[in-house]
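Please examine the sequence and the structure shown below before reading the report.

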Amino acid sequence: MRLLAFLSLLALVLQETGTASLPRKERKRREEQMPREGDSFEVLPLRNDVLNPDNYGEVIDLSNYEELTDYGDQLPEVKMTSLAPATSISPTKSTTAPGTPSSNPTMTRPTTAGLLLSSQPNHGLPTCLVCVCLGSSVYCDDIDLEDIPPLPRRTAYLYARFNRISRIRAEDFKGLTKLKRIDLSNNLISSIDNDAFRLLHALQDLLLPENQLEALPVLPSGIEFLDVRLNRLQSSGIQPAAFRAMEKLQFLYLSDNLLDSIPGPLPLSLRSVHLQNNLIETMQRDVFCDPEEHKHTRRQLEDIRLDGNPINLSLFPSAYFCLPRLPIGRFT
C-alpha cells in the first residue's frame with residue numbers, strides 16, 4: 001500500500017516538473033487542450049495545417065529551396081552511340097561545369113550518313129551508302145551517278161539505271177567474278193574500255209539500251225542476253241565475228257541504231273535478233289545460213305526483226321532458206 005502511494009506521488013512530481021520546464025506558450029496550449037470537467041467527449045489536439053495565405057511560408061519554407069535534394073545528378077546516364085565514325089557526328093561541347101545541371105540542354109540529332117553506314121558490307125566499301133545492297137544485288141537506280149561506284153566482291157546483279165554515267169572503265173568491274181547481270185539502261189554512256197567486260201566470265205545479261213554508244217567492246221563468251229537498243233551504234237563499231245564466239249547468246253537486240261549491215265556471223269544458239277529501225281540496205285548470203293550446207297536448218301532462230309530498214313527482203317531469198325520462218329520486214 002505504501003509502495004503504491006509512493007509511485008503515485010512520484011508520477012505527480014514528474015508531471016509538474018515536466019510541465020514547468022516547458023515554455024509558457026507551450027504550457028498554456030497544452031492546458032487549453034486538456035479535457036475539462038463536464039465535457040462529454042475527449043477533445044483531440046488538432047494542428048493548423050490547412051494551407052492558406054497566412055501560413056504558406058510556415059507549411060512550405062521557400063527559404064530553404066537551395067537545400068532541396070537535386071535529383072538531376074542522380075538520373076541514369078543514357079549513353080547514345082552512333083553507328084557512324086567519330087568524324088561523322090561532332091558532339092556539342094559543354095560549357096557547364098561538371099555536376100551542375102544545365103539550364104538549356106542540347107541534343108545532337110543523328111546524321112543520315114551514320115544510319116546508312118550500318119548497311120555497309122564488311123569489306124568496307126562505301127557503295128551501300130548511296131545504293132541499296134540486298135544480298136548479292138546492288139540497286140543504284142536514279143541517284144545521279146556519274147561513274148560506276150566500287151562494288152562489293154560478292155555482287156552478282158547490278159542495277160544502275162537512269163543515271164548520268166558517261167564512261168565504263170576497265171577497272172570498274174575488276175575482280176567481280178560473280179557478276180551475272182549488268183543493267184545500265186538510260187545513262188549517257190558513250191565509251192566503254194575494251195577490257196571492261198572481257199574477264200567477266202559469269203556474265204549472262206548485259207543491258208545497255210538508251211545510251212550514246214557508237215561501238216561495242218570485247219564481250220565475254222558466256223553472255224546469253226545482249227540489249228544495245230536505242231544507241232548510236234554503227235556497223236564499223238562492231239568487231240568482225242564479234243558474236244561468233246558467243247556460243248550461249250540467245251537474245252540479241254540491236255534495234256534503233258545506225259547499223260547499215262547485219263553483223264555476222266551469228267551463233268547457232270541465237271533464238272531472237274532485233275535489227276529494226278536501222279539503215280540496213282543489203283545482207284550477205286551466209287548471214288543466217290551456210291550457202292554450202294543446204295541441209296542445215298536453224299530451228300532455234302525464229303524471231304528476226306528487220307522492219308523499219310530500207311532493205312527489200314525479197315531480193316535475198318538465199319539468206320534465210322534455213323530459217324523456220326521468214327524475217328519480219330518489207331518484201332516488196
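This report describes the disulfides, one serine with its surroundings, a surface patch and some backbone features.

The model is predicted: local features need pLDDT of at least 70, side-chain atom pairs count only at pLDDT 80 or more, and totals for chains, interfaces and linings use all residues. Residues are numbered from 1 along each chain as its sequence is written, and side-chain values use heavy atoms, with hydrogens and water left out.

## Disulfides

A disulfide is a covalent bond between the sulfur atoms of two cysteines. Here the term is applied to a pair of cysteine sulfur atoms within 2.5 Å. By this rule the count comes to three disulfides, listed in the table with their sulfur distances and torsions.

| Pair | Sulfur distance | Torsion about the S-S bond |
|---|---|---|
| Cys128 and Cys133 | 1.9 Å | about -100° |
| Cys131 and Cys140 | 2.1 Å | 110° |
| Cys289 and Cys322 | 1.7 Å | -90° |

The torsion of Cys128 and Cys133 is about -100°, so this disulfide is left-handed. The link of Cys131 and Cys140 is right-handed, and that of Cys289 and Cys322 is left-handed. The last pair links distant parts of the chain, 33 residues apart: Cys289 is in the loop between strand S10 (272–274) and strand S11 (303–305), and Cys322 is in the segment after S11. Strands (E, at least two residues) are DSSP runs, numbered from the N terminus.

When the bonded cysteines of the chain are numbered in sequence order, the pairing is 1-3, 2-4, 5-6.

Are these cysteines buried or exposed? Buried means under 20% relative accessible area, exposed over 50%, and partly exposed in between, with a 1.4 Å probe and protein chains only. Both Cys131 and Cys140 are buried, and both Cys289 and Cys322 are buried. Cys128 has 1% relative accessibility and therefore counts as buried.

Ser269 is found in the loop between strand S9 (251–253) and S10. With a relative accessible area of 14%, Ser269 is buried.

Which residues does Ser269 touch, leaving aside its neighbours within four places in sequence? Contact means heavy atoms within 4.5 Å, and on this basis Ser269 is in contact with Met246, Glu247, Lys248, Leu249, Gln250 and Gln300.

## A nonpolar surface patch

Val132, Leu134 and Tyr139 form a nonpolar patch on the surface, with about 280 Å² of accessible area together. Nonpolar side chains are joined within 5 Å, and like charges within 9 Å. Accessible areas come from the Shrake-Rupley method with a 1.4 Å probe.

Tyr139 is placed in strand S2 (residues 137–139). Its relative accessible area is 34%, so Tyr139 is partly exposed.

## Backbone features

The peptide bond from Gly264 to Pro265 is cis, with omega near 0°. Pro265 lies in the loop between S9 and S10.

Asp142, a residue other than glycine, has a positive phi near 55°. Asp142 is in the loop between S2 and strand S3 (157–159) and, at 56% relative accessibility, counts as exposed.

Ala241 has a positive phi of about 60° although it is not a glycine. The loop between strand S8 (225–227) and S9 holds Ala241, which at 33% relative accessibility counts as partly exposed.

Terms used:
Helices (H or I, at least four residues) and strands (E, at least two) are DSSP runs, numbered from the N terminus. Patches are made of residues with over 30% relative accessible area and no salt bridge: like charges are joined within 9 Å, nonpolar side chains (Val, Leu, Ile, Met, Phe, Trp, Tyr) within 5 Å. A salt bridge is a side-chain nitrogen of Lys or Arg within 4 Å of a carboxyl oxygen of Asp or Glu.
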